[in-house]
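Take a moment with the sequence and the fold, and then we can walk through them together.

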Amino acid sequence: SFGDITQLLSTAPRDVVELLRIAAVVRNVTASLGCSLADRLRINGTWAFRGLPGYGGAWAGVGPDSSLSEADKKFAQMGYRLNIQARLLVIRGYLVANAVLNRTLLATLHVFGQPVVLY
C-alpha cells in the first residue's frame, strides 16, 4: 500500500530517494516521447559503455593498484572492460529475448481473440 511505500522510503538514505525520483522523471519523459523500456535500457547501456575508461591513457597508474607494472595495469583494465562488456551483452540478449517473447505472446493472444492492451 501507499503507507508501506512511504514507510520504506522514509528509512532509505536521501541519495537513494533522489535517484528514484530522477529515475521516475526519466521514465515518465521517455514514456511520453514514446520510448519503450527496452529502448531506454539499450540507450543507457550504450552510453554507459561509451563512458568506460579505455585500456590505457589517463587511467594508467590510477587507483589502489598503482604499484603494479604497466603490463599488469593494462591487463587489469582490459579484464574490467571485458567484464562490463560481457554483462552488457547479457543484458542486451535478455532484452531481445524478452521483446521477442512479449510480441509472440501478444500476437498469440490476438489470434485467439483475447483483448490485447499495448503500452
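## A buried arginine and its surroundings

Arginine 40 sits in helix H3, which covers residues 37-50; helices here are DSSP runs of H or I with at least four residues, strands are runs of E with at least two, and both are numbered from the N terminus. The model is predicted, so local features need pLDDT of at least 70 and side-chain atom pairs count only at pLDDT 80 or more, while totals for chains, interfaces and linings use all residues. Residues are numbered from 1 along each chain as its sequence is written, and side-chain values use heavy atoms, leaving out hydrogens and water.

Arginine 40 is buried (under 20% relative accessible area, with a 1.4 Å probe and protein chains only). It has no salt bridge (a side-chain nitrogen of Lys or Arg within 4 Å of a carboxyl oxygen of Asp or Glu). The nearest side chain of opposite charge, aspartate 39, is 9.3 Å away. Leaving aside residues up to four places away in sequence, arginine 40 touches Val26, Arg27, Thr30 and Cys35, where contact means heavy atoms within 4.5 Å.

Helix H2 (residues 14-32) has 19 residues and should span 27 Å at 1.5 Å a residue, which agrees with the 27 Å between its end C-alpha atoms; the expected span is 1.5 Å times one less than the number of residues. Just after H2, glycine 34 takes a positive phi of about 90 degrees.

The protein as a whole looks like this:

| Item | Value |
|---|---|
| Helices and strands | 4 helices, 0 strands |
| Pattern along the sequence | α-α-α-α |
| Buried share of the 119 residues | 8% |

Conventions: Buried means under 20% relative accessible area, exposed over 50%, partly exposed in between (1.4 Å probe, protein chains only). Lys and Arg count as positive and Asp and Glu as negative; His and the chain ends are not counted.
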